[in-house]
Amino acid sequence: MTTALLFATGAILIIAVLALVYRIITLVGIAKGDNTKVSSSNKINAALFPVLLVVGFIGIYWSYNDASQYFLPEAASIHGKETDFLFNTTLLVVFLAFALTHILLFTFPFFFQHSEKRTADFYPDNDKLEIAWTIVPAVVMASLVFFGWRAWSDITAPASDDAVQIELMGKQFAWEIRYPGKDLKLGKYDVANIDNTNSMGVDFDDVNATDDFMAREIYFPVNKEVELKIRAIDVLHSVFLPHFRVKMDAVPGMPTRFKFTPTITTEEMRAKTNNPKFNYELACTEVCGSGHFGMRKIVKVVSQEEYDAWLQKQKTWLEKNPDYMAVWEAKKAEKNTVAQAN
Amino acid sequence: MASVVLDVEHNAVGHDDHDDHHHGNFWTNYVFSYDHKVIAKQYLISGILWAIIGGGLSLLFRIQLGFPEADLEWLRPLLGDWITEGGKMDTTFYLAAVTMHGTIMVFFVLTAGLSGTFSNFLIPLQIGARDMASGFMNMLSYWLFALASVIMLASLFISTGPASGGWVIYPPLSALPQAVSGSGLGMTLWLVSMVFFIASSLLGSINYISTVINLRTVGMSFGKLPLTIWSFFITAVIGVLSFPVLFAAALLLVFDRSFGTSFYLSDIFIQGELLSNSGGSPILFQHLFWFLGHPEVYIVLLPALGLTSEVISTNSRKPIFGYKAMIGSMLGIAFLSFIVWAHHMFVSGMNPFLGTVFMLLTLIIAVPSAVKAFNYITTLFRGNIVFTPAMLFSIGLVSLFISGGVTGIILGNSALDIQLHDTYFVVAHFHLVMGSASFFGMMAGVYHWYPKMFGRMMNNALGYVHFWLTFLGAYLVFFPMHYIGIAGFPRRYYSFTNFDAFSTFTDLNTFISIAAMVTVAGQFIFVFNFFWSMFKGRLAPLNPWKSTTLEWTTPRKPGHGNWPGALPIVYRWPYDLSKPGSDKDGHGDFIPQNVPLSETTSSNTPEEEDLVQLEDGLKKLSDHREANPFI
């Protein structure tokens, strides 16, 4: 109640002050006999544009430098290096376009401000100019498209046969991770199989599934191609690995994929960033409900030896859940009876 | 008040405006009016009210982002149980605020408030028509919008909260009430409201198109239309072609939500329950949504660019540079706007080959956009610039259009979009190029045409303060978001503290929030100026900006039918500003469109001299039309 009263009083005060200012400005205007075609404020407005130009460029320079300390460290993947380079090049190109146009846009108001002594040029068109500034952006765009297309084709090309396959499954509000086990093949799945134990709906009739294991953290071997098999079981999610420049939506009913090669181990990155607590992270970037901002997983990039050692330690899911196969068979039998009864 | 009376005698010459007023009653004149000018004002005032609500919502979530640690108990009188026991903002409410801010700003403010206001107000006045082709449809259009508004507003107050899956309402999140509470009744109201909104928009657009095609006055060929009318016309065509697709998308979503179909749903296990939906595709919805969603960007932007063309030309005292190139680039943008939609979906899982195609098409659309920007700048070159508040907002628009547009070149590149998609870089991009630029266009329009709308002048000094505050504010709020986006911060995050990678930039987020609060507060200078000047403003001269277009040939407050006598005849294009020889013809530095070429012999070009002999024919045609008004 007091807050509301405070707001109301504030609002009334502001309106009163504005009304007063307004009245004074009007009266002063009448007293001065506002006859001139253009008031003196024209000069002030004209001068403010070049001032803003200078202040603005200083501000951009300073703020960019200040902000860059918080930018992501160098890309930790092969394609990330390429897209970062492409990003920085494009940023430079568009910044030049931005700077050039703004120099003109913010100085013309000053140089060509109203003067009683002058009349404006009657300059309705110039075909050569129009053609020039159609062709120049078109050529620049064409080259950007070309480089973008090359990078995009490489990134989206099929993964090599020996790529490490890892399944990421999004759900509200967590990620689940499945590794293929010794046979290097992920088993089939079906949402219909999901129950309290089998949270990823793995199909244990598929031999390939029997040695699969679930992990709490994501491990990538360094310098080895990884293919993420991405899916979701409730709403859209999106796999975002910012340090690797990786992003792909997780879609219920439509599995997606992303292949890339990590190049810097967690330890190396800790040294590079001078931050002993550094960890790669997985985040969700497609709004998925109230817990959207909390879908985090830690990602570890390790050497091949460490990775192999880690793999050795992992128990398959069925080893961890020895009773499940009985449940599975019972469920199947029940399904069959229902089917037969129908 | 003596001063005001004085102003009447000085400025308001020849006002025949007492004749046509006050027939009919309050309801037919001000509520269910068929008059395009009244309907325009209804749209404008509704738009302003919506902008206050939409801006207010943005402050709520900016408080959360800028001051994540703060005790928000003081917001309880406003938000009630959306503030948790611990004095924090509810995470679902945060999403709802983000969603409703987007929906309100895109559709209710920048589509209805901008296009609805100025298409209605300016089309008949600038083409020399008595009113819209169908006054009834026009009235219906506004009141369907009002109905949509009431439903959308009501959804803010229900206990489960309004829609909260983002303004793009991607299913399955928007389809499943168990996924988020806002997808219950709130989403139903959202969809019902949008159905009425789409119907309203279609009625309006069809009206604009038929009016521009059929009701142009004698001599007003397409080649003599002001760029404002071109932009409204093209916008209406885009609307007619794209809004029905949103309607289809919404209808299928209604079926999925309420009637058990599976257009968008497949393989879903949620809240411990397996859903029976099978075979649908969430990607289908994204394709349908963005088939409207991307043209929608231009539905919002093109009218703003049209208004700006007019204001920049008038106040530079120069013809707009490259009139034909401007029309050509608008047509190009309109065409291309329909074939770039999937650049919103590069990482949605669609076929990568489509990504290549849409990257190419997207970067092509940068070319006509660049042409427009260059033409605006060249219009300023060697002008004689008068800085009215409208002119300042127009220059501001060009600046924001460029700074927001260039980052589109980065985002349109599918390889770069992988990292930047759904980060604050995108937020920065579209708030500058679509949000702020269109808002500035709308402000330019209000300041410029206010004298014609209300017969009084707005206060310039307050206008200048409003402009500089808003211009600086827009940059201070949205420019730093590029940095946050480059650092990878995702959109629609309630807080960033869960992640090591995103736990930086807390000071910058606080800075942005404060800048946003000051900027939003500054808009009340405008609101005050707007309503106060309606009653207390200086009486407007007939042609305060020395403009060439037809609306300034009407009485100070045009009555029903706009022109008391015969409709004006158009003899020339709308940009005869500072034409060599025009002062010898007694027209100072501008020649209105209705001045015959035969009266301006010293300023005519040789081609125009040849056209003089056609004028008798135009006059005869005009007489004929006046004698037979219903043909």
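The model is predicted.

Start with the overall form of chain A. It holds eight helices and 10 strands. Its radius of gyration is 31 Å, while the globule rule gives 20 Å for 342 residues, so chain A is more spread out than a compact globule. Along the principal axes, the C-alpha atoms fill a box of roughly 95 × 60 × 50 Å. Of the 342 residues in chain A, 34% are buried. Contacts in chain A can also be sorted by sequence separation. Among those with a separation of 6 or more, 69% join residues 24 or more positions apart.

Next come the annotated spans. An unreviewed UniProt entry places "transmembrane region" at residues 6–25, 46–65, 85–111 and 131–152 of chain A. Two of these spans can be set against the model. Residues 46–65 of chain A are 100% helix and 0% strand, with end C-alpha atoms 30 Å apart. Residues 85–111 of chain A are likewise 100% helix and 0% strand. Here the end C-alpha atoms lie 39 Å apart.

The record carries another feature for chain A. UniProt lists residues 161–313 under "domain: Cytochrome oxidase subunit II copper A binding", again in an unreviewed entry. In the model this stretch of chain A is 12% helix and 35% strand. Its end C-alpha atoms are 25 Å apart.

Now turn to a sheet in chain A. Five strands form an open sheet, and the order is β4-β10-β9-β6-β7. The pairing is mixed. Strands β4 (218–221) and β7 (246–250) of chain A are the edges, each pairing on one side only. Neighbouring strands are turned by 25 degrees against each other on average, with direction ignored. A helix also joins the picture. Helix α6 (residues 304–313) of chain A packs on the sheet, where it touches β4 and β10 (297–302) of chain A. The direction of α6 makes about 135 degrees with that of β4(A).

Strand β6 (residues 237–241) of chain A pairs with β7(A) in the antiparallel sense, over five bridges. In that pair, S238(A) stands opposite D249(A). Strand β6(A) also pairs with β9(A), antiparallel over two bridges. There V239(A) faces C284(A) across the pair. On to β10: β9(A) and β10(A) are antiparallel too, with three bridges between them. E281(A) stands opposite I298(A) in β10(A).

How many of its residues are buried? Strand β9 (residues 280–284) of chain A is mostly covered, with five of its five residues buried. A residue counts as buried when 20 or more other C-beta atoms lie within 10 Å of its own.

Finally, step out to the interface. Which residues bring the two chains together? On the chain B side, 106 residues are in contact with 93 residues of chain A. Helix α11 (residues 352–380) of chain B gives the most to that side, with 15 residues. What is the make-up of the side of chain B that touches chain A? Its residues divide into 68 nonpolar, 29 polar and nine charged.

Terms used
Residues numbered from 1 in each chain as written. Chains lettered and ligands numbered in written order. Predicted model: local features only at pLDDT ≥ 70, side-chain atom pairs only at ≥ 80, totals over all residues. Contact = placed C-beta atoms within 7 Å. Helix = DSSP H or I, 4+ residues; strand = E, 2+ residues; numbered from the N terminus. Nonpolar A, V, L, I, M, F, W, Y, C, P; charged D, E, K, R; others polar. UniProt positions renumbered as here; feature names shortened; annotations may be inferred. Pairing = 2+ DSSP bridges. Axes fitted to C-alpha atoms, helices over the stretch in contact; angles between N-to-C directions. Rg over C-alpha atoms; globule rule 2.2 N^0.38 Å. Buried ≥ 20, exposed ≤ 12 C-beta atoms within 10 Å, placed from the backbone.
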